[in-house]
Amino acid sequence: MTSTPPRHSGEPAADTADRRTMKAVVQHGYGPPDRVLALEDVAVPAVGEGEVLVRVRATGVNTPDWLTVGGVPRILRLQAGLRQPKAPVRGSDVAGTVAAVGPGVRDLRPGDEVFGSLWTKSIAAGAGTFAEFTLAPATQLVRKPAGLSFEEAGASVMSGLTALLAVRDVGRVGPGSRVLVNGASGGVGTFAVQIAKRLGAHVTGVCGPGNVEMVRSLGADDVIDHTVEDYTRGPQRFDVVLDNVLNHPPAATIAVLRPGGTFIPNSAGEAKGLLGGLPRVVRAKLARPRTATVRSVECDVTRENLDALSALLASGEVKVIIERSYPLADAAGAVAHMATRRARGNIAITVR
């Protein structure tokens, strides 16, 4: 009886041993998703130092994806690429199995189930996850909790980490904090409501009429239907406002903060024309109120942060809300859905 020799670092797993190409959704130019995204055969990427080749099982659609597909606002093309994106495959969140590891990677091995992100704070970088395989830095992956599906893990990273860092680190939310989440029914919002409640806050969620009961089910103490009530004109005052919509002038939102409160603008604003909503975004971030603080949040993908998110999800106290999952072949539909800015929770893409 002969034994199978151990697989060494960098050697592909069985499902890639004879693979030279893979299916990936490639972006050609800017415009409507169904016109510029196409499922194509491309080369399976080679694994480099400190990298992990992941057999993608699921990913998510996030704001940078639909902005880059549409090339809006147009000023963002200075970073992404003038005529077409420098990185042709969208997607940053990933959940799947390790297919191969590069030199220097010692704590992950082929067959491990992992999740994480390729995000590097640039829409022009990264291998992309709308594909059968992707490359990720080993430092931006952790093992997937056994009780979490690939779909849940793949759709959780950018929105989950952004919410966690906004609430825990930027807002410093704790027992007794009064927190308002504008856009409480979206990807970041659904996570933020749950995490703030877990930290002991009194949470007010703002959403549309069709999502009131869902936001309440996540633990929100109060829910405001924005078509009925304008929270900037109400009597309530808050310690933290996480604004995922920026549909009010920054000064109006800052006015509902208690003394010493924190305003966290977290939105791309209206994605139209040359600048889109960037002027309002910039005004929000540059505001210097006398009695409050304006602070930004960034999706910082580290193992420490991923472990914290993983623990929340594994506990069952924080759930991944997924409105709909799309197959890889219909990634254009998933991006178009996200671009409406009315998605309930997160949008997933599954890869079989």
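This is a short talk on the fold of one predicted protein model.

Hi everyone, let me start with some ground rules. Residues are numbered from 1 along each chain as its sequence is written, and side-chain values use heavy atoms, leaving out hydrogens and water. Because the model is predicted, local features need pLDDT of at least 70 and side-chain atom pairs count only at pLDDT 80 or more, while totals for chains, interfaces and linings use all residues.

Now the overall picture. The protein chain has 11 helices and 15 strands; these are DSSP runs numbered from the N terminus, with helices (H or I) of at least four residues and strands (E) of at least two. Of its 352 residues, 55% count as buried. Buried means under 20% relative accessible area, exposed means over 50%, and partly exposed lies in between, using a 1.4 Å probe and protein chains only. The chain exposes about 15500 Å², and carbon and sulfur atoms supply 51% of that. Those areas come from the Shrake-Rupley method with a 1.4 Å probe, and for residues only the protein chains shown count as cover.

Next, the sheet. Which order do the six strands take? They run E10-E9-E8-E11-E12-E13 in an open sheet with parallel pairing. Strands E10 (222-225) and E13 (293-294) stand at the edges with a single partner strand each, so one side of each has no neighbour in the sheet. Two strands pair if DSSP finds at least two bridges between them. Further in, E8 (residues 178-182) and E9 (residues 202-207) are joined by five bridges, and Asn182 has Val206 in E9 as its bridge partner.

Buried residues in H11 include Ala331, Val335 and Met338. After H11 comes Arg341, with a positive phi near 60°.

My last stop is Ser310, in helix H10 (residues 303-315). Is Ser310 buried or exposed? Ser310 is buried, because its relative accessible area is 10%. What does Ser310 touch, leaving aside neighbours within four places in sequence? Ser310 is in contact with Phe115, Arg143 and Pro145, where contact means heavy atoms within 4.5 Å.
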